[in-house]
Amino acid sequence: MTQNNSLSGELDRLSQAARVVLKLDVGNAYTKLVVSGAGNANAYPVLRALSPEMVLSQRPSNPDEATAMLAGLWLWHDCLDESHKVSQSLNTVSGSMWHAIMHRREGDFSNSKYWYARCENHPVLPSLASLANDVINPFPADKSALRIV
């Protein structure tokens, strides 16, 4: 095993149940930016059986973060109502992040903007900014694109 694979294994704490959810009907998962209608009917019963305690391979050290991950798994399969219930139950920056993404996916942009403002210090944002820079960098300079980065 290479050092990179070893490190990846150390950082990846998803449970087998969460992996099943991510792989389930993967060709249809998260394919639309704005979702209408019900989520993936095949994923629904699998997700209903999943609890925050089952998302990680070990007992979560932060139950709220595990709950936020469950909100993300519901979104992965376009189950907006269920994701909304989960993220709205959290008073954390990660709960606000998933809440913002959920409203963005339903097309409620002003509500999404409100929730994004509540998670401006989320620890994932520097990584996302770096990735956005890599995607945008090859394109001609545009002031609106520069504000994103």
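In the predicted model, Thr67, Ala71, Trp74 and Leu75 of helix H4 are in contact with Leu80, Glu82, Ser83, Val86 and Ser87 of helix H5. By residue class, this contact between H4 and H5 comprises five nonpolar residues, three polar residues and one charged residue. Helix H4 spans residues 63–76 and helix H5 spans residues 80–88. The two helices pack at an angle of about 165°, and their axes lie 8 Å apart. H4 is therefore roughly antiparallel to H5, since angles over 145 degrees fall in that class. The crossing of the two helices, H4 and H5, is left-handed.

One of the H4 residues in this contact is Thr67. Threonine 67 has a relative accessible area of 14% and is therefore buried, the limit for this class being under 20%. When neighbours within four places in sequence are set aside, the contacts of threonine 67 are with Pro52, Val86, Ser89 and Leu90. Of these, Val86 is listed among the H5 residues that meet H4.

The protein chain as a whole contains nine helices and zero strands. Read from the N terminus, its order of elements is α-α-α-α-α-α-α-α-α. The chain has 149 residues, of which 33% are buried. Threonine 67 belongs to this buried class. The accessible surface of the chain amounts to about 9700 Å², and carbon and sulfur atoms account for 55% of that surface. Contacts within the chain were also examined by separation in sequence. Among those between residues at least 6 apart, 56% join residues that are at least 24 apart.

A further position considered is asparagine 28. This residue is located in the loop that connects helix H2 (16–23) with helix H3 (44–48). With a relative accessible area of 46%, asparagine 28 is partly exposed, because the value lies between the limit of under 20% for buried residues and that of over 50% for exposed ones.

Definitions and conventions:
Residues numbered from 1 in each chain as written. Predicted model: local features only at pLDDT ≥ 70, side-chain atom pairs only at ≥ 80, totals over all residues. Heavy atoms only, no water. Axes fitted to C-alpha atoms, helices over the stretch in contact; angles between N-to-C directions. Helix = DSSP H or I, 4+ residues; strand = E, 2+ residues; numbered from the N terminus. Parallel < 35°, antiparallel > 145°, perpendicular 65-115°, else oblique. Left-handed = near helix turned anticlockwise from the far one by under 90°. Contact = heavy atoms within 4.5 Å. Nonpolar A, V, L, I, M, F, W, Y, C, P; charged D, E, K, R; others polar. Buried < 20%, exposed > 50% of the residue type's maximum accessible area, 1.4 Å probe, protein only. Areas by Shrake-Rupley, 256 points an atom, 1.4 Å probe, with all protein chains shown as cover.
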